[in-house]
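Hi,

Here is the structure we talked about. Please open it alongside this note and follow the residues as you read.

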Amino acid sequence: MKKFIITEEERKHIKSLYEQNDNKNMFNKAAENDPKAYWVQYRKAVCLDKLGKKQDAIATAEKSMALAKEAKNDDYVKLNEDLIKKLK
């Protein structure tokens with residue numbers, strides 16, 4: 001998995017975007033529209049990690065991984081396993 005390096009300035013920008021009401025609920029709205037969207041949960045987990053919310057990121061990645069297993073998408077299972085391993 002390719003590692004992304006993020007600066008403190010970029011982290012603050014992501015955090016400010018995430019915390020705005022429209023953007024904060026973007027992932028939740030996407031998940032409501034497609035509850036089995038493991039790719040949405042994965043991206044949410046990545047963003048939570050970048051915001052320093054490790055426990056939330058782990059929980060979201062675990063949800064994504066369960067959905068990916070159900071969908072038999074081994075690529076996303078691996079992505080989530082790697083993310084969880086990195087966060088623990």
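**What turned up**

Start with Asp 49: at 12% relative accessibility, Asp 49 counts as buried. (Buried means under 20% relative accessible area, exposed over 50%, partly exposed in between, with a 1.4 Å probe and protein chains only.)

Some ground rules. This is a predicted model, in which local features need pLDDT of at least 70, side-chain atom pairs count only at pLDDT 80 or more, and totals for chains, interfaces and linings use all residues. Residues are numbered from 1 along each chain as its sequence is written, and side-chain values use heavy atoms, with hydrogens and water left out. Helices (H or I, at least four residues) and strands (E, at least two) are DSSP runs, numbered from the N terminus.

**Salt bridges**

How many salt bridges does the structure hold? There are four. A salt bridge here is a side-chain nitrogen of Lys or Arg within 4 Å of a carboxyl oxygen of Asp or Glu.

Asp 49 is in one of them, paired with Lys 86 at 2.4 Å, N to O. This pair links distant parts of the chain: Asp 49 sits in helix H4 and Lys 86 in helix H6 (residues 74-87), 37 residues apart.

Lys 36 forms another with Glu 70, and the closest N and O atoms are 2.4 Å apart. Again, distant parts of the chain are linked. Lys 36 is in the loop between helix H3 (26-33) and helix H4 (38-50), while Glu 70 is in helix H5 (residues 54-70), 34 residues away. Lys 36 is partly exposed, at 49% relative accessible area. Glu 70 is also partly exposed, at 49%.

Lys 88 and Glu 62 meet at 4.0 Å, N to O. Lys 88 lies in the segment after H6 and Glu 62 in helix H5, 26 residues apart. Lys 88 is exposed, with a relative accessible area of 66%. Glu 62 is partly exposed at 36%.

**Core**

Look next at the largest nonpolar core. The term covers a set of buried Ala, Val, Leu, Ile, Met, Phe, Trp, Tyr and Cys residues joined through side-chain atoms within 4.5 Å. This core has 15 residues, and Ala 61, Leu 83 and Leu 87 touch the most other members. H4, H5 and H6 each supply at least two residues. Which helix gives the most to this core? H5 does, with six residues.

Leaving aside its neighbours within four places in sequence, Leu 87 is in contact (heavy atoms within 4.5 Å) with Asp 49, Lys 54, Ala 57 and Ile 58.

H5 has 17 residues and reaches 24 Å from its first C-alpha to its last, close to the 24 Å expected at 1.5 Å a residue. (The expected span is 1.5 Å times one less than the number of residues.) Its buried residues are Ala 57, Ile 58, Thr 60, Ala 61, Ser 64, Met 65, Leu 67 and Ala 68. They pack against H4 and H6. Just after H5, Lys 72 takes a positive phi of about 60°.

Buried in H6 are Val 77, Asn 80, Asp 82, Leu 83, Ile 84 and Leu 87. What covers them includes H4 and H5. Asn 73 caps the N-terminal end of H6, with a side-chain oxygen 3.1 Å from the backbone nitrogen of Asp 75.

**Aromatics**

The whole structure has three aromatic pairs. Rings of Phe, Tyr and Trp (its six-membered ring) pair if their centres lie within 6.5 Å; planes under 30 degrees apart count as stacked, over 60 as edge-to-face and the rest as tilted.

Tyr 38 and Tyr 76 are edge-to-face, 5.1 Å centre to centre with 65° between the planes. Tyr 38 is in helix H4 and Tyr 76 in helix H6, 38 residues apart. Tyr 38 is buried at 11%. Tyr 76 is partly exposed at 23%.

Tyr 42 and Tyr 76 are edge-to-face too, at 5.8 Å and 85°. This pair also joins helix H4 to helix H6, across 34 residues. Tyr 42 is buried, at 6% relative accessibility. Tyr 38, Trp 39, Tyr 42 and Tyr 76 form one aromatic cluster.

Best wishes

Key. A polar contact is a pair of N or O atoms within 3.5 Å; within protein, one must be able to donate a hydrogen and the other to accept it, and residues adjacent in sequence count only if both atoms are side-chain atoms.
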